[in-house]
Amino acid sequence: MKFTKIRDLIGVALVAGLVTAILLRFAYSELPTLPRLAGVTFGVLAVIEAVLAWQLRNRIAGKPGARPVQPLTAARSVALAKASSLVGALMAGVWAGVLLTVVPLAATSPAAAEDRTTGLIGLVGSVGLVAAALWLEHCCKTPDPPQPNDNVGLR
């Protein structure tokens with residue numbers, strides 16, 4: 001399994017953003033007000049994945065008091081990280097598409113101004129999820145074995 005490439009995530013976000021912006025412009029004459037906390041979910045998931053990455057990093061590095069990581073646990077964490085980064089990139093694009101639609105309307109509509117705030121919260125949470133997922137994927141790498149050094153420990 002290869003590591004997730006940033007360019008793939010950017011491509012997913014760009015396509016999702018463009019499709020969302022186009023669909024919203026043509027499908028809706030007026031957008032319904034979005035719930036304020038609609039984008040918070042991805043921020044919460046980002047925090048959970050960051051904590052998981054921090055714990056796994058300590059366990060894989062063999063820190064004192066940390067249990068060793070089972071290979072299946074590491075594989076599941078990598079699968080979670082890959083899926084989360086893709087979903088986070090997709091939703092970042094969707095929130096960017098919502099913002100592209102709502103920002104021009106914010107000067108004339110108070111509901112659009114509220115939707116702008118909701119879109120920003122969702123965009124920040126989605127980007128945070130991508131960052132946490134990429135960090136989780138990075139933390140699941142096996143450490144390099146220690147290299148023998150002839151001078152270590154000799155006097």
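Visitor: Leaving aside its neighbours within four places in sequence, which residues is Thr4 in contact with?

Guide: Please bear in mind that this is a predicted model. Beyond those neighbours, Thr4 is in contact with Leu9, Lys82, Ser85, Leu134 and Glu137. Thr4 itself is placed in the segment before helix 1 (6–27).

Visitor: Is Thr4 buried or exposed?

Guide: Buried means under 20% relative accessible area. Thr4 has a relative accessible area of 17%, and therefore counts as buried.

Visitor: Which side chains make a polar contact with the side chain of Thr4?

Guide: There are two partners to inspect. The Thr4 side chain makes a polar contact with the side chain of Lys82 at 3.1 Å, and another with the side chain of Glu137 at 2.8 Å.

Visitor: How many salt bridges does the count come to?

Guide: A salt bridge requires a side-chain nitrogen of Lys or Arg within 4 Å of a carboxyl oxygen of Asp or Glu. By this rule the count is 2. One of them joins Glu137 and Lys82, with the closest N and O atoms 3.8 Å apart. Because Glu137 lies in helix 4 and Lys82 in helix 3, the pair ties together parts that are 55 residues apart in sequence. Glu137 counts as buried, at 2% relative accessibility, whereas Lys82 is partly exposed at 21%.

Visitor: Which side chain meets that of Asp8 in a salt bridge?

Guide: The partner is Arg7, with an N to O distance of 4.0 Å. Here Asp8 is partly exposed, with a relative accessible area of 40%, and Arg7 is exposed, with 59%.

Visitor: Which residues in helix 2 are buried?

Guide: As a general idea, an α-helix has 3.6 residues a turn, so residues three or four places apart point the same way. In helix 2, the buried residues are Phe42, Ala46, Glu49, Ala53, Leu56, Asn58 and Ile60.

Visitor: What covers the buried residues of helix 2?

Guide: The cover includes helix 3 (71–102) and helix 4 (110–139).

Visitor: Which residue follows helix 2?

Guide: Gly62 follows helix 2, and the phi of Gly62 is positive, near 75°.

Definitions and conventions
Residues numbered from 1 in each chain as written. Predicted model: local features only at pLDDT ≥ 70, side-chain atom pairs only at ≥ 80, totals over all residues. Heavy atoms only, no water. Buried < 20%, exposed > 50% of the residue type's maximum accessible area, 1.4 Å probe, protein only. Helix = DSSP H or I, 4+ residues; strand = E, 2+ residues; numbered from the N terminus. Contact = heavy atoms within 4.5 Å. Polar contact = N/O pair within 3.5 Å; in protein donor to acceptor, adjacent residues only side chain to side chain.
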